[in-house]
Every structure is written in C-alpha cells, then in structure tokens.
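Hi everyone, thanks for coming along. Let's take a short walk through a structure together, starting with one residue and its surroundings.

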Amino acid sequence: MPASSSPHVVPLPYSVEANVDPEEAFVASLSSCHMLFFLAIAGQQGFVVESYVDNAVGVMEKGRDGKIAMTQVTLRPKAVFAGEPPSIEGLEHIHHAAHEKCFIANSVKTDVVTEIQH
C-alpha cells in the first residue's frame, strides 16, 4: 500500500496526497480490528452480515501531556444483516464485545468511541 506523510504535516510536493498517511492507517486499523471481531461474534450467534461499512474518523490534537496525538477515534459502523437482525440491545452487545476483544483498541491510549448506525 503506497504511504506518505499527510500534506497537513509535510507540504506538497514532499508528500503524496493520494497515498495513505499514518494517521489514516491508525484509524483504519482500529476500524478493521473492530469489524473482524464484530463479524466473528455475530456469526457465532447465528447472524449473517450482508454488508458492513464504517465511516470512522480520528481527532488529532494536543493530549494531556501537551504532545500532538490521535486523542479520539470514533467508529461509525453500520451492519446490514440477511434474515432477522439482532435487537438494538443485541447489536450493542455485539459491538461492545468486539471493542473489548480488539487487540488494537486494547493497545492504545486513544479513546475509541463506537456510534452504531442503524
């Protein structure tokens, strides 16, 4: 995967805007880790997921220590199920369990918030 610094950090032409930057990759790693656990847990409970989309976003700002950091990542997953979907409470439970199991989320000090899209 072609990567580059963000043009917000390293100005053009010394960066490549079309390439993924480390901050985007960080958000994507949290999103994909959550998704994979979500799919596994949903499948174990007998649900079939037809599609899954996450419009995750990250916030970079000064952290408590004064250093620029990715302080929050908000996951916005939307799953479409074949057949009967889980209840809202069931869906929240699956997402909570996925968050608890996600290796990446368990490895960072960034606040990871999940806003389930219905």
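Let's begin with His34. Setting aside neighbours within four places in sequence, His34 is in contact with Tyr52, Leu75, His95, Ala98, His99, Cys102 and Thr114, where contact means heavy atoms within 4.5 Å. Before I go further, a word on the source: this is a predicted model, in which local features need pLDDT of at least 70 and side-chain atom pairs count only at pLDDT 80 or more, while totals for chains, interfaces and linings use all residues. Residues are numbered from 1 along each chain as its sequence is written, and side-chain values use heavy atoms, leaving out hydrogens and water.

Back to His34, which lies in helix H1, residues 22–44. Helices (H or I, at least four residues) and strands (E, at least two) are DSSP runs, numbered from the N terminus. Is His34 buried or exposed? His34 counts as buried because its relative accessibility is 1%. For those words, buried means under 20% relative accessible area, exposed over 50%, and partly exposed in between, with a 1.4 Å probe and protein chains only.

One of those contacts deserves a second look. The side chains of His34 and His95 are joined by a polar contact of 2.9 Å. That term means a pair of N or O atoms within 3.5 Å; within protein, one must be able to donate a hydrogen and the other to accept it, and residues adjacent in sequence count only if both atoms are side-chain atoms.

Now for charged pairs. How many salt bridges does the structure hold? There are two, each being a side-chain nitrogen of Lys or Arg within 4 Å of a carboxyl oxygen of Asp or Glu.

In one, Asp65 meets Lys109 at 3.9 Å, N to O. This pair links distant parts of the chain, 44 residues apart: Asp65 sits in the loop between strands S2 (57–62) and S3 (68–75), and Lys109 in the loop between helix H2 (88–101) and strand S5 (111–114). Asp65 is partly exposed at 47%, whereas Lys109 is exposed at 71%.

In the other, the side chains of Arg76 and Glu115 come together at 3.1 Å, N to O. Again distant parts of the chain are linked, 39 residues apart, with Arg76 in the loop between S3 and strand S4 (77–82) and Glu115 in the segment after S5. Arg76 is partly exposed at 29%, and Glu115 is partly exposed at 35%.
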